[in-house]
Amino acid sequence: MSVYRVIDVVGTSTTSWEEAAADAIKTAGQSVRDLRVAKVIKQDIHLGDGGELVYRTKIQLSFKYEHQS
């Protein structure tokens, strides 16, 4: 039997929503092991102070709890 935890993360990019999602997963993967599923929850665009577009992708990530011996 397995137990999974789900967390929300938000990635940003000045290029695309896809790049924002990939960055969120890559960054979370540096501190959370055994990522299983990434689900896009929301996408929006933030307008920066200089008028630049910042793509934001909110993702739910699930990862497997490790069993303690």
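**Reading a ring pair and a hairpin**

Biologist: Trp 17 has a relative accessible area of 28%, and that makes it partly exposed. Which cut-offs put it there?

Modeller: Buried means under 20%, exposed means over 50%, and partly exposed lies in between. Trp 17, at 28%, is therefore partly exposed. Keep in mind that this is a predicted model.

Biologist: Is Tyr 55 buried or exposed?

Modeller: Tyr 55 is buried, because its relative accessible area of 18% is under 20%.

Biologist: How many aromatic pairs does a search of the whole structure find?

Modeller: One. Trp 17 and Tyr 55 form it, with 5.2 Å centre to centre and 85° between the planes. Planes over 60 degrees apart count as edge-to-face, so this pair is edge-to-face.

Biologist: Where in the chain do the two partners sit?

Modeller: Trp 17 is in helix 1, residues 17-29. Tyr 55 is in strand 3, residues 53-64. They are 38 residues apart, and the pair links distant parts of the chain.

Biologist: Glu 18 is also in helix 1. Is Glu 18 buried or exposed?

Modeller: Glu 18 is exposed, because its relative accessibility of 58% is over 50%.

Biologist: Back to strand 3. How many bridges join strand 2 to strand 3?

Modeller: 11, and the two strands run antiparallel. Strand 2 covers residues 35-47. Val 37 has Ser 62, in strand 3, as its bridge partner.

Biologist: How do side chains point in a regular strand?

Modeller: They alternate between the two faces of the sheet.

Biologist: What lies between strand 2 and strand 3 in the hairpin?

Modeller: Five residues. In this hairpin, Gly 51 takes a positive phi near 90°.

Terms used:
Residues are numbered from 1 along each chain as its sequence is written. This is a predicted model: local features need pLDDT of at least 70, side-chain atom pairs count only at pLDDT 80 or more; totals for chains, interfaces and linings use all residues. Side-chain values use heavy atoms; hydrogens and water are left out. Rings of Phe, Tyr and Trp (its six-membered ring) pair if their centres lie within 6.5 Å; planes under 30 degrees apart count as stacked, over 60 as edge-to-face and the rest as tilted. Helices (H or I, at least four residues) and strands (E, at least two) are DSSP runs, numbered from the N terminus. Buried means under 20% relative accessible area, exposed over 50%, partly exposed in between (1.4 Å probe, protein chains only). Two strands pair if DSSP finds at least two bridges between them.
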